[in-house]
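Please keep the sequence and the 3D view at hand.

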Amino acid sequence: MNVWVPKQYGAWAMLLAPVLAGSIIGGFGWHEILVLLSWVAAYLSYMAIRGVSGRDGRAHIAPAVVFGVAAAAGAVALLAWHTALAWWAVPLGVLFGTSLILIVTGRERSAINDAAQIGASCMMTAAAATAHLMGAGFGWAVFAAGVAWPKAWLAAAIFAGYFWGTIPYVKTMIRERGKLSWYIASIAYHAVMIVLGFFVNPWVGAFAVLATARAALVPKLWPRAKPKRIGIGEMVGTVILIVIVVCTL
């Protein structure tokens with residue numbers, strides 16, 4: 001088992017896509033790149049910390065420390081640049097705190113935990129895109145003015161809409177395979193995303209149609225698909241969505 005780089009293909013797509021798209025939208029300067037690198041390091045540290053309580057817990061200590069230090073160093077550099085960025089700790093802390101509580105109480109596989117982690121990741125779209133817009137000072141008004149860019153939040157919402165849809169979809173493929181209630185819920189959710197997608201633009205709407213077709217057909221045609229193949233499929237779809245978001249918003 002590789003304790004340094006988790007082999008979770010779908011999770012990597014969810015982790016990288018929002019912050020990468022946000023970095024590109026924001027201009028992909030040094031501040032956006034630093035946000036991206038700090039976020040990846042924080043995620044890897046978080047995953048390692050989760051593994052410390054497992055059977056091979058000692059093996060996770062080194063990556064937890066190394067990635068934790070790297071994430072902290074990146075955060076310090078960003079705060080030295082603009083201290084108001086510290087306000088991001090509030091919503092991210094709530095979401096990750098919720099996730100950790102669910103993990104500790106044995107509900108790591110719950111849909112709520114997945115939704116909290118996805119929400120935190122998608123919020124990084126706005127964090128990366130607006131980093132260069134942050135003014136001087138620490139006050140809430142400085143932070144609020146810096147993040148008030150509708151395009152950044154629209155991009156974050158698009159990613160959230162897609163990745164939250166992967167929760168019921170993946171459930172129908174693995175843990176809730178064959179359960180009609182989850183299958184109907186997955187299709188219904190994606191159908192709503194079609195309507196909302198076309199309100200954004202035709203490209204986002206068309207992508208939502210493809211995602212809905214996936215949710216309807218894959219569980220029926222390939223119900224025994226391996227998690228690796230499901231994750232790779234998510235990565236392909238995510239790359240397409242990144243291109244759409246960056247090029248059409």
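Throughout this report, contact means heavy atoms within 4.5 Å.

## About the model

What you see is a predicted model, in which local features need pLDDT of at least 70 and side-chain atom pairs count only at pLDDT 80 or more, while totals for chains, interfaces and linings use all residues. Residues are numbered from 1 along each chain as its sequence is written, and side-chain values use heavy atoms, with hydrogens and water left out.

## Overall build

The protein has ten helices and zero strands; here helices (H or I, at least four residues) and strands (E, at least two) are DSSP runs, numbered from the N terminus. The C-alpha atoms fill a box of roughly 55 × 50 × 25 Å along the principal axes. For 249 residues, a compact globule would have a radius of gyration near 18 Å, and the protein agrees, with 18 Å. That radius is taken over C-alpha atoms, and the globule rule is 2.2 Å times the number of residues to the power 0.38.

Of the 249 residues, 45% are buried, where buried means under 20% relative accessible area, exposed over 50%, and partly exposed in between (1.4 Å probe, protein chains only). Among contacts with a separation of 6 or more, 75% come from residues 24 or more positions apart.

## Helix H6 and its buried face

Which residues of helix H6 (residues 140-147) are buried? They are Phe143, Gly146 and Val147. Seen down the axis of H6, these buried residues fall within an arc of 85°, so they line one face of the helix; the arc is that of the directions from the helix axis to the C-beta atoms. An α-helix has 3.6 residues a turn, so residues three or four places apart point the same way.

On the other side of H6, Ala141 and Ala145 are exposed. The cover over the buried residues of H6 includes helix H5 (111-130) and helix H7 (150-173).

Which residues does methionine 134 touch, leaving aside its neighbours within four places in sequence? It is in contact with His82, Ala84, Leu85, Val142, Phe143, Gly146 and Val147.
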